[in-house]
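Please look over the sequence and the structure shown below before reading on. The briefing that follows goes through the chain topic by topic.

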Amino acid sequence: TIVLEIRACGEDVYLSLCDSGTGMTQEEIDEMNQSISLYDETFGYGVRNVNKRTELMFGTEYGLRYFRNEQGGVTVEIRLPRGGKSEDKGVI
């Protein structure tokens with residue numbers, strides 16, 4: 001099962017994609033979250049690229065985070081500023 005959720009919270013918007021797959025250990029999740037902003041040949045280019053572009057556009061408080069979920073799978077959450085404005089780049 002895959003669930004997509006979009007919610008506004010204060011000045012931010014959160015896009016969450018949850019699955020009920022086999023999941024990952026908390027150690028694997030922590031490693032992904034630590035590696036997502038760093039160059040690492042063993043980590044996916046697409047995921048890192050999306051996160052880095054989001055950080056560059058809106059600041060390091062925005063981007064992707066991974067979590068274990070109640071269904072036993074993994075949730076990826078993308079945090080963006082509400083309204084989509086970047087101080088340096090205009091509106092996306």
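Where does Gln 71 lie? Gln 71 is placed in the loop between β3 and β4, where helices (H or I, at least four residues) and strands (E, at least two) are DSSP runs numbered from the N terminus. This is a predicted model, in which local features need pLDDT of at least 70 and side-chain atom pairs count only at pLDDT 80 or more, while totals for chains, interfaces and linings use all residues. Residues are numbered from 1 along each chain as its sequence is written, and side-chain values use heavy atoms, with hydrogens and water left out.

**The chain as a whole**

- The chain has 2 helices and 6 strands, and read from the N terminus its elements follow the order β-β-α-α-β-β-β-β.
- Of its 92 residues, 30% count as buried, where buried means under 20% relative accessible area, exposed means over 50%, and partly exposed lies in between (1.4 Å probe, protein chains only).
- The accessible surface of the chain is about 6,400 Å², and 52% of that surface belongs to carbon and sulfur atoms; such areas come from the Shrake-Rupley method with a 1.4 Å probe, and for residues only the protein chains shown count as cover.
- Among contacts (heavy atoms within 4.5 Å) between residues at least 6 apart in sequence, 48% join residues at least 24 apart.

- With a relative accessible area of 52%, Gln 71 is exposed.
- Leaving aside neighbours within four places in sequence, Gln 71 is in contact with Asp 19 and Ser 20.
- The C-alpha atoms of Gln 71 and Gly 21 are separated by 8.1 Å, although these two residues are 50 residues apart along the chain.

**Salt bridges**

- Side chains of opposite charge can pair when their charged atoms come close.
- Counting a salt bridge as a side-chain nitrogen of Lys or Arg within 4 Å of a carboxyl oxygen of Asp or Glu, the count comes to 4 salt bridges.
- Glu 5, Arg 7 and Glu 77 are linked in a network of salt bridges: the closest N and O atoms of Arg 7 and Glu 5 are 3.6 Å apart, and the side chains of Glu 77 and Arg 7 meet at 3.3 Å, N to O.
- Glu 77 lies in strand β4 (residues 74-81) and Arg 7 in strand β1 (residues 2-9), so this pair ties together parts that are 70 residues apart in sequence.

**The surroundings of Asp 12**

- Not counting residues up to four places away in sequence, Asp 12 touches Arg 7, Tyr 62, Arg 79, Leu 80, Pro 81 and Arg 82.
- The C-alpha atoms of Asp 12 and Gly 83 are separated by 8.3 Å, and the two residues are 71 residues apart along the chain.

**Helix α1 and its packing**

- The buried residues of α1 are Ile 29, Met 32, Asn 33 and Ser 35, and they pack against α2 (45-58), β3 (63-68) and β4.
- Glu 28 is also found in helix α1, which covers residues 26-35, and Glu 28 is partly exposed, with a relative accessible area of 38%.

**Surface patches**

- Patches are made of residues with over 30% relative accessible area and no salt bridge, with like charges joined within 9 Å and nonpolar side chains (Val, Leu, Ile, Met, Phe, Trp, Tyr) within 5 Å.
- Glu 27, Glu 28, Asp 30 and Glu 31 gather in a patch of negative charge on the surface; Lys and Arg count as positive and Asp and Glu as negative, with His and the chain ends not counted, and the place of a charge is taken as NZ of Lys, CZ of Arg, CG of Asp or CD of Glu.
- Ile 2, Leu 4, Ile 6 and Leu 17 form a nonpolar patch on the surface, with about 440 Å² of accessible area together.
- Strand β1 gives the most to the nonpolar patch, with 3 residues; Ile 2 lies in this strand and counts as exposed at 67% relative accessibility.
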